[in-house]
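Dear colleague,

I am passing on a structure for you to look at, and below it you will find my notes on what turned up. Please keep it open beside the text as you read.

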Amino acid sequence: MSLPALKLLLALGATLLPQGAAWAADCSAPPGPGVDWQRCLLDSRDLAGADLTGADLRETSLARAKLDRAALARVTASNVRFGHASLRGADLTEAELVRADFTRAKLEGAKLRGADLRLAKFFGADLRHADLTAARLEGADLLRAQLGGARWTDGTSICAPGSIGTCQ
């Protein structure tokens, strides 16, 4: 491709992008509020206690990552993979987690207040003592998920000890 053609292609591409949009996420960016880690491979990262408030984590893999006590409020994280990750005490308030995969994740004591968890997979996940007040769970798969002591979506019901797969 000639240099003038490449310049034209770049100019056209720039006009088609929304204002402020970037070509790609910076997967090497340090953790911080609003970080763009869209489509990044961050498996096994230690992000315990990190502030990722408002981050873009769409289609990112955080399998086996350590996110205990992390601030993940209002993250955009559809199709994110948290398989076998540790999110104990993490704050996922109002997070957009449609189709997120939490297979065997540890979410004990996590705050999921107002989170959009439609079509999420929680197979074998530990949600004991999690707060699911006002969370959207339509189509979510809770097969074998531990729910004992969790605050249910109505904000008042507490799941009985030993609740597995459904809040009793």
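**Around threonine 133**

The side chains of threonine 133 and aspartate 131 are joined by a polar contact of 2.5 Å. Please bear in mind from the start that this is a predicted model. Threonine 133 is located in the segment after α1, the helix that covers 3–16, and with a relative accessible area of 12% it is buried, because buried means under 20%. If residues up to four places away in sequence are set aside, threonine 133 touches Leu112, Arg113 and Gly114 as well as Arg151, Trp152, Thr153 and Gly155.

**Salt bridges**

Aspartate 131 also takes part in a salt bridge with arginine 113, where the closest N and O atoms are 2.7 Å apart. The two partners both lie in the segment after α1, and the pair links distant parts of the chain, 18 residues apart. Aspartate 131 counts as buried at 13% relative accessibility, whereas arginine 113 counts as partly exposed at 37%.

How many salt bridges does the count come to? The count comes to seven, and I describe some of them here. The side chains of arginine 128 and aspartate 126 meet in one of these, at 2.7 Å from N to O; aspartate 126 is buried at 7% relative accessibility, while arginine 128 is partly exposed at 31%. Glutamate 138 forms a salt bridge with arginine 136, and here the closest N and O atoms are 3.6 Å apart. In that pair glutamate 138 is partly exposed, with a relative accessible area of 44%, and arginine 136 is likewise partly exposed, at 39% relative accessibility. Salt bridges that share partners also join Glu108, Asp126 and Arg128 into one network.

**Aromatic rings**

The count of aromatic pairs comes to two. Phenylalanine 82 and phenylalanine 102 form a stacked pair, with 5.0 Å from centre to centre and 15° between the planes. Both residues of this pair are in the segment after α1, and they link distant parts of the chain, 20 residues apart. Phenylalanine 82 and phenylalanine 102 are both buried. The rings of phenylalanine 102 and phenylalanine 122 have centres 4.8 Å apart and planes at 0°, so this pair is stacked too. Because phenylalanine 102 and phenylalanine 122 both lie in the segment after α1, the pair ties together parts of it that are 20 residues apart in sequence. Phenylalanine 102 and phenylalanine 122 are both buried, and the ring pairs link Phe82, Phe102 and Phe122 into a cluster.

**Backbone and a further contact**

Which residues other than glycine have a positive phi? Arginine 99 has a phi near 60°, and arginine 104 has a positive phi of about 55°. Arginine 99 is partly exposed, with a relative accessible area of 43%, and arginine 104 also counts as partly exposed, at 40% relative accessibility.

Isoleucine 164, finally, is found in the segment after α1 and is partly exposed, with a relative accessible area of 47%. Isoleucine 164 and leucine 147 are 17 residues apart in sequence, and their C-alpha atoms are 5.8 Å apart in space. Leaving aside neighbours within four places in sequence, isoleucine 164 is in contact with Arg144, Ala145 and Gln146.

Terms used. Residues are numbered from 1 along each chain as its sequence is written. This is a predicted model: local features need pLDDT of at least 70, side-chain atom pairs count only at pLDDT 80 or more; totals for chains, interfaces and linings use all residues. Side-chain values use heavy atoms; hydrogens and water are left out. Helices (H or I, at least four residues) and strands (E, at least two) are DSSP runs, numbered from the N terminus. Buried means under 20% relative accessible area, exposed over 50%, partly exposed in between (1.4 Å probe, protein chains only). A polar contact is a pair of N or O atoms within 3.5 Å; within protein, one must be able to donate a hydrogen and the other to accept it, and residues adjacent in sequence count only if both atoms are side-chain atoms. Contact means heavy atoms within 4.5 Å. Rings of Phe, Tyr and Trp (its six-membered ring) pair if their centres lie within 6.5 Å; planes under 30 degrees apart count as stacked, over 60 as edge-to-face and the rest as tilted. A salt bridge is a side-chain nitrogen of Lys or Arg within 4 Å of a carboxyl oxygen of Asp or Glu.
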